[in-house]
Amino acid sequence: MTGLFISCESNEIEEVLSYSDVDAPPTRTTFNVTYTYTDSGKVSNILKAGKVLRYESKDSTYSLLREGFELTFFDNKGDFDGRLTAMNGYIRGDNALMIARDSVVFVNRLDEELLTEELIWEQDSAIVYTNKFVTINRAETVLYGTGLESDENFT
């Protein structure tokens, strides 16, 4: 199961769900939520989501984000460090892995913007990556490509 979470395959959510009892209802459903995550008493992230479905079983725990979400990052001084928005997402139970899908927009503190259809954030290693088509808007430059790996600040 650990190898499954580390892989970079584009259908990772579907693979994870194949090991779960998808016919079972979520253990918790919340609407229009705001979660504040802290590290050593300092706010590190704020997640706002339209709908969060929490699933728990003996083999896995995860949350599905629906109806749009926004994840705002803050540096260790509490200043804005970036913002990730998407229509849908997946968060592994330990919060160490997030997959954002559908109309993904990631803006950093320099106002540079990344547009893609899928972006994976590994909190433990502080990286974001995708193997999908990307558009990067920087000042007066637009870059196009397939695939990207960056630090979680997109700098």
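Analyst: Let's start with strand 8 (residues 127–138) and strand 9 (residues 141–151), which pair in the antiparallel sense over ten bridges. Before going on: this is a predicted model, where local features need pLDDT of at least 70 and side-chain atom pairs count only at pLDDT 80 or more, while totals for chains, interfaces and linings use all residues. Residues are numbered from 1 along each chain as its sequence is written, and side-chain values use heavy atoms, with hydrogens and water left out.

User: What makes strand 8 and strand 9 a pair?

Analyst: Two strands pair if DSSP finds at least two bridges between them. Strand 8 and strand 9 have ten bridges, so they meet that rule.

User: How do you know what counts as a strand, and how many strands and helices does the chain have?

Analyst: Both are DSSP runs numbered from the N terminus: helices are H or I with at least four residues, strands are E with at least two. On that basis the chain has two helices and nine strands. Their order from the N terminus is α-α-β-β-β-β-β-β-β-β-β.

User: Which strands pair with strand 4?

Analyst: Strand 3 does, antiparallel, over six bridges to strand 4 (residues 80–86). Here Phe74 has Phe80 in strand 4 as its bridge partner. Strand 3 and strand 4 make a hairpin with five residues between them, and Gly78 in the turn has a positive phi of about 90 degrees. Strand 6 also pairs with strand 4 in the antiparallel sense, over four bridges. There, Leu84 has Phe106 in strand 6 as its bridge partner.

User: How many bridges join strand 1 to strand 2?

Analyst: Eleven, between residues 28–39 and residues 42–56, and the two run antiparallel. Thr30 stands opposite Val52 in strand 2. The hairpin has two residues between the strands.

User: Why is Ser40 called exposed?

Analyst: Exposed means over 50% relative accessible area, buried means under 20%, and partly exposed is in between (1.4 Å probe, protein chains only). Ser40 has 72% relative accessibility, so it counts as exposed. Ser40 sits in the loop between strand 1 and strand 2, and has a positive phi of about 55 degrees although it is not a glycine.

User: What about Asp102, which also has a positive phi without being a glycine?

Analyst: Asp102 has a phi near 75 degrees and is found in strand 6. At 31% relative accessibility, Asp102 is partly exposed.

User: Why is Lys42 called partly exposed, while Leu110 is called exposed?

Analyst: Lys42 has 47% relative accessibility, so it counts as partly exposed. Leu110 has a relative accessible area of 55%, so it is exposed. Lys42 lies in strand 2, whereas Leu110 lies in the loop between strand 6 and strand 7 (113–122).

User: Which residues does Lys42 touch, not counting residues up to four places away in sequence?

Analyst: Tyr37 and Asn76, with contact meaning heavy atoms within 4.5 Å. Lys42 and Asn76 are 34 residues apart in sequence, with 7.1 Å from C-alpha to C-alpha.

User: What makes the largest pocket a pocket, and what lines it?

Analyst: On a 1 Å grid over the protein atoms alone, a pocket is an open set of points with protein on both sides within 12 Å along at least five of seven lines; in a cavity, a 1.4 Å probe fits but cannot get out. Lining residues have an atom within 4 Å of a point. The largest pocket has 24 of them, and Ser44, Asn45, Trp121, Gln123 and Glu152 lie nearest its centre. Strand 1, strand 2, strand 3 (61–74) and strand 6 (97–108) each give two or more residues to this lining. Strand 2 gives the most, with five.

User: How many residues are buried in the chain as a share of the total?

Analyst: Buried residues make up 43% of the 155 residues.
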